[in-house]
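Student: I am new to this structure and would like to go through its chain interfaces. Please show it to me before I ask my questions.

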There are 4 protein chains.
Amino acid sequence: MPTLSDIQAQIRAFRDARDWLQFHNPKNLAISISLEASELLEHFQWRSFEESQAHAREAREAIADEMADIAIYLAEFADLLDIDLLAAMESKLAKNAAKYPVEKARGSHKKYTDLE
Amino acid sequence: MPTLSDIQAQIRAFRDARDWLQFHNPKNLAISISLEASELLEHFQWRSFEESQAHAREAREAIADEMADIAIYLAEFADLLDIDLLAAMESKLAKNAAKYPVEKARGSHKKYTDLE
Amino acid sequence: MPTLSDIQAQIRAFRDARDWLQFHNPKNLAISISLEASELLEHFQWRSFEESQAHAREAREAIADEMADIAIYLAEFADLLDIDLLAAMESKLAKNAAKYPVEKARGSHKKYTDLE
Amino acid sequence: MPTLSDIQAQIRAFRDARDWLQFHNPKNLAISISLEASELLEHFQWRSFEESQAHAREAREAIADEMADIAIYLAEFADLLDIDLLAAMESKLAKNAAKYPVEKARGSHKKYTDLE
């Protein structure tokens, strides 16, 4: 089973074989993540929550591909900036836990700045 | 060192302790990934490519946090749909390699539908 | 009552008084429209459809400001490219009418490529 | 020459002939504006600023169509919430003028919170 680091090495090799580092700079990678996120969102544009659940099951492979597109650019970007993405996720989860204490946030979708 | 699966278990525990599964459905998770991608992109909104490179170094921790926000929702979404995100990335890289053959795509940023 | 052209003249004057044309190029304006669109969408991130309707009424002024942010960049961008935005809207509505014939599209949220 | 109000009446008629108000609620319209903004941005994804300028001229009609897609949903959304979009733009420009005084903002792309 590949690790995230293994896949980042594959992405780097893919990019460099095509001489694409010249295009894959921070600004363009950030744009690309946003565009791929929109392609994922487009699946749910007009669907109700129930229809979205059903569609997520039915179009599972197409949705996995859209997720992968986002993840590939994100992994490449983290690699480019020498950021350990898994460590960054753990660190952010700890910050989120402090911003959203269980007793205040339970059952609420308020932003932490609006929690009482 | 945590694996992606370890972190997905942490995210699940974080979400369930707050009873947030009711909000974290496919449609809302897709929206959230897109919103977090915009927060990353905002760092580069008005900057030139050179300024963006410099900023990525200077604001490295803030940028790692934005990347983590995207990655956390993406990992949660994949987990919710029982999609193996790393396997999906490998599979998508193989598809991309077929769409962008090295000899045609080298040094070009054309979409595969426009490659000759 | 101001027309869209009047407001575009105001936007141009605002921009030029600050010497911002150097930043407001096509790429950066397209990014900015997308970022402002996310700020509008953030209002509805976790809300149900019913909550979104209620929120749209309660946060009417904040939402009008977010809409205005999108519209200002869009109007500036059209002005920069010498595109008549109102004429472009009319022309696009005619194309949409051809893609979505009433008898096929009524009551359906399918994409025109999937209509039968 | 049509006014924005004229076009909003056309959009309303287009929507209602297809019985689409059931899908065109605030949450879905905000998603749709964001998705259309991404289609505009996609034109500039990998292009340099210079290439983007050239492309904006060459692909003028396609870009006008993308702008129109954003503007159509935005005009429909404003109409749905009974917001006067042109008045909202003027009001927001006045707020922006206060946030970005000429003497401080000239030649700078800093956010107003970072201006000195």
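Student: How many salt bridges are counted between chain D and chain C?

Tutor: This is a predicted model, in which local features need pLDDT of at least 70 and side-chain atom pairs count only at pLDDT 80 or more, while totals for chains, interfaces and linings use all residues; side-chain values use heavy atoms, with hydrogens and water left out. Residues are numbered from 1 along each chain as its sequence is written, and chains are lettered from A and ligands numbered from 1 in the order in which they are written. A salt bridge is a side-chain nitrogen of Lys or Arg within 4 Å of a carboxyl oxygen of Asp or Glu. Between chain D and chain C, the count of such salt bridges is six.

Student: Which residue of chain C forms a salt bridge with K95(D)?

Tutor: In this pair the closest N and O atoms are 3.5 Å apart. The partner of K95(D) in the salt bridge is E61(C).

Student: What area do chain D and chain C bury between them?

Tutor: Buried area is the accessible area (1.4 Å probe) that two parts lose on being put together, summed over both. The contact (heavy atoms within 4.5 Å) takes 69 residues from chain D and 69 residues from chain C. Carbon and sulfur atoms carry 71% of the buried area, which is about 6100 Å².

Student: Which three residues supply more than any other three of the area that chain B buries against chain A?

Tutor: Chain B and chain A bury about 6100 Å² between them, and 69 residues of chain B are in contact with 69 residues of chain A. Of the area that chain B buries there, 11% comes from K27(B), M67(B) and M89(B).

Student: How far apart are the closest N and O atoms of K92(A) and D69(B)?

Tutor: Across the interface of chain B and chain A there are six salt bridges. K92(A) forms a salt bridge with D69(B), and their closest N and O atoms lie apart by 2.7 Å.

Student: How is α4(A) oriented to α5(B)?

Tutor: Helices are DSSP runs (H or I, at least four residues), numbered from the N terminus. Axes are lines fitted to C-alpha atoms over the stretch in contact, and angles run from 0 to 180 degrees between N-to-C directions. Helix α4 (residues 60–80) of chain A and helix α5 (residues 85–99) of chain B pack with axes 8 Å apart, at an angle of about 90°. Because 65 to 115 degrees counts as roughly perpendicular, α4(A) is to α5(B) roughly perpendicular.

Definitions and conventions
Helix = DSSP H or I, 4+ residues; strand = E, 2+ residues; numbered from the N terminus. Parallel < 35°, antiparallel > 145°, perpendicular 65-115°, else oblique.
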